[in-house]
Amino acid sequence: MKKNLAALLVIMMCCLLAVLPAAAADVFMYEDRSVTIFEGDTVHPVILRDGRFAGDGTISFTVNNKKVCSVDADGAITAGTRGTAIVTATLNQNGKAVKRTTIQVTVARRVTKVTLSTKNLQIFEPDDEEILQLLQRYLKEEEKNESSEADEKTEEDPEQEPEEERLTDRILVIPAGKTVLLSTTCTPEDATSKKIAYETDDAGVAKIINTRELRAVQRGACRLTVRSVQNPEITENFMVLVIEPVKKVTIEAPFNNVSTGSSMQLDAVFTPSNATIQKVTWSSRSPKIATVDENGIVTGLTKGRVTIDAKAEDGSGAVGSITLNITQDVTEISITQSEVTVATQRNVQLKFSVLPQSASDRTVTWSSSDQSVARVRNGTVTGVRAGECIITCTSNSNPGVTASIPVTVIQLVTKITFRNQTGLSFHVNTSQQLEWDVWPEDATETDVTFRSLNPKIATVDQNGLVTGISRGQAKIVATATDGSNRQGTFVVTITQPVESIEIPQETYYAQVGRALDIRPVILPKNANNQRVSWSCSSDRIADVRTVGTNVGRVTGWRRGTAVLTATTEDGGFTASTEVIVDNFDAAVMIEGANIDKNNKIRLTLRNTGDFTVKGITFRVQCFDTQAEPMICNRDGESTWFDGSYAWEVEPGDRTEHGQFNFKQYLETGTLGYIIVTVTGYEFENGQKWSIPTDEWVPYQSPFSSHMWENMSERDSPDGQGYYEEEEDD
C-alpha cells in the first residue's frame, strides 16, 4: 500500500513539472569560437544571448592585434594583414562589464593566381591553327558520339561548318599512354595555402593519378582545370589533346650534297602514317656549317659535314636525322701585291689567297704573258731578262675566277762585300770606318743602309762609321736599298781594357803548411784580359803562384807577415795585401766542458791568438751514463750536434756562459759525458776559418755526477775520463 502511494506521488510531481515553463539559461558567447577570413574581407560573427544577458545592456568590442584585423562598434570584423588575433566582446549592464566572450580571427593571404609550369610539357597557343583544327576535330567526334543528330549546315554556304566559339585556353598535347608530372606555382608566393587540385572533365581521355600526374588514356580531347584548394574560384584551364604519337621520323632529301650559298628542301616522313600531329622542329647540329629553317630548307654556309635533325612536335620524342656534305666553290682569287719587281735570275714569291677558305678545291694554275721576261711556277716568279709581263692565277675548279699582276724585271744588287777582310778590333769609345763594294758593277741602284744587330756593343752611322760602346762582338749589316734585300755582314770586336785591380781584403790569414786562394777584382769586371801575375815580399814566410787566370795561391811556411802583390798583364796595374802566417787551427781552445746536476752542458772557450775572433763553431758528441753514444740531435738519429758562439772574443779572453747557440741540440736523456771539438771561426775582417777535420782537437768532459750514481762502490776510474764496471764473480 505504501509502495503504491509513493509511486502515485512521483507521477503527480512529474506531471506538475511538465506543466511549469523551463527556466532560461544565462548565455553570452560567440556562436563560433574561431573564424578564418582573407585579407580585406569583412565578417560579422553571431553572438548568442539569453537569460539575464539577453536584451538589456550594450556591447563593446576590442582586438588584441590591430594589424591583423579591426572591429567596428557593431562587431563587424575586417581583415588586415596575414596573422592571428583575438576579438573580445564585452557586455555592459548598468555601467558595469558583466560578461565577455572571445573569438579567434585568422587572416589568410588569398591565392590570386595559379600558374602551371610548362617546362617539359608540349604546350601550344590557342591561335595555332593546325593544333586547333585537330582539337576541334576531336571535340566534334565526341559531340557525334553523344548525339546522333547531324550538324546543321548554314543557309549561306551548305559546305561551311557552323561558327564555333573561339578557344582561349592553351592546348596541352600528350601522346596516348604517356604520363606527365604537373607542377604549379601560386601567386602571391607567401599565400597562406599553396595546395593545388587538378581535375579533368573526361577521365576516359586523360585522368589525374597520384594527385599531380596527368595520364593520357586514349585519343581525344578534354579540359584540365588547375585549382587553388584555398581559393577554389582561382583556376587555370587548359585543353588537353591526347594524340596518336609519332613512332619514327625519317628525313628524305633529293641530294646528299649542298653547295655553300645554295639551299635544298628536306621532307619528314612519319611512322605510323596516321600519327595525329605530323609536324617537326628542324635543327642543325652544326649551324656554322649549314642552317635549316622551320620548313626544312637547308642552306649551306661553309664546307663540312652537317647533321640535320627533325624532332616530332607531338611530345613523343621521336627524332629523325640525316647527314649532308656541304661543298664550297671558289668565288675569288686575290694577289696581295699590287705589282712586283724582280731581279734577273732571282725569285719572288707571290702572296695570294683563294676564297673562301673552305672551298672544296682551292688549287690554281699560274701563267706568264711572256716567258722570255719572267717565268712562274706555284706562284714563284723568276726574272729572265729585263722587261715587263703579266702573271695570271686561274682557279682549277672554277676557271672563270682569275687574278693577275704586272711584273717588272730589273737588275738588282746580288752581293755586298767588305774590304776589311781580317775584321776590325778596337777599344770601347773609339771608332773605325768600314769600306765596302756593291755587286754586280752594273746594278741599277748601289745605295746601302747600315744597322748594328748589337747596338749595346757597337753602333754604326749611315756612312759606315762604327763606334765601340761596350765589350763584345757586334754584327754590322749593310742592306741594298733597291728592294733586292741583298745584305752583307761584317763582325767588329770591341775590347775593354783593364782600368784597375783591387784585392777584397787588406789582410789575409794563412795556416802554416796549408794553401790559401786569393781572388783579385779586375776593373771593369768585363775587361778582356783578366790575367794577373803574383809576387811575395818574403819567400821565407810564404810563396805565391798564379792559378788559372788570376787567382793567387798562397802557401805559408813559417809564422810571420808578408806582402803579396798582384799585377795585371793588361796595363800593369797593381794591388797589394798583407798575409799573416800562423797556426790558426789552434787559436781557439776549449778550457772547459761540463755537465751540471741539471743535465745542462756548460762550455768555456778561450782565444789564444793575437787577434779578435767571432762566430766560433764547434761540434758536441754526446754519450749516456753507460758511455754509449746517445742521440742528441733534432734530426732524431745523430749522436752529435753543431753549435756556435756569435760574440767577439778578444785575444786572451774567454767565452761567456749563456751566449752559446745549441739550435740542433735535443735533450733525450741523462748525459754521461761529452766530447767537444772547435771546427772554425771568423776573423774580425770577415775571413772565415774552417779547421780541416784531420786537424780537429777533441776535448772530453769529466764524467757527470749521474754516472757516479749509476756505478757501484767497486767501480774506479781508469784514468781515461770514463769508468768501466767490474764483471760479476
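Aromatic pairs number 21 in this structure, a pair being two rings of Phe, Tyr or Trp (its six-membered ring) with centres within 6.5 Å. The model is a predicted one, in which local features need pLDDT of at least 70 and side-chain atom pairs count only at pLDDT 80 or more, while totals for chains, interfaces and linings use all residues. Residues are numbered from 1 along each chain as its sequence is written, and side-chain values use heavy atoms, with hydrogens and water left out.

Phe623 belongs to strand β58 (residues 613-624) and Tyr673 to strand β61 (residues 671-683), so the pair ties together parts 50 residues apart in sequence. Strands here are DSSP runs of E, at least two residues long, numbered from the N terminus. Phe623 is buried at 12% relative accessibility, as is Tyr673 at 6%; buried means under 20% relative accessible area, with a 1.4 Å probe and protein chains only.

Tyr645 and Phe660 form a tilted pair, because their planes meet at 50°, with ring centres 5.0 Å apart. Tyr645 is buried at 3%, and Phe660 is buried at 17%.

Elsewhere, Tyr509, Phe584, Phe611, Tyr681, Phe683 and Trp689 make up one aromatic cluster.

Key: Rings of Phe, Tyr and Trp (its six-membered ring) pair if their centres lie within 6.5 Å; planes under 30 degrees apart count as stacked, over 60 as edge-to-face and the rest as tilted. Helices (H or I, at least four residues) and strands (E, at least two) are DSSP runs, numbered from the N terminus. Buried means under 20% relative accessible area, exposed over 50%, partly exposed in between (1.4 Å probe, protein chains only).
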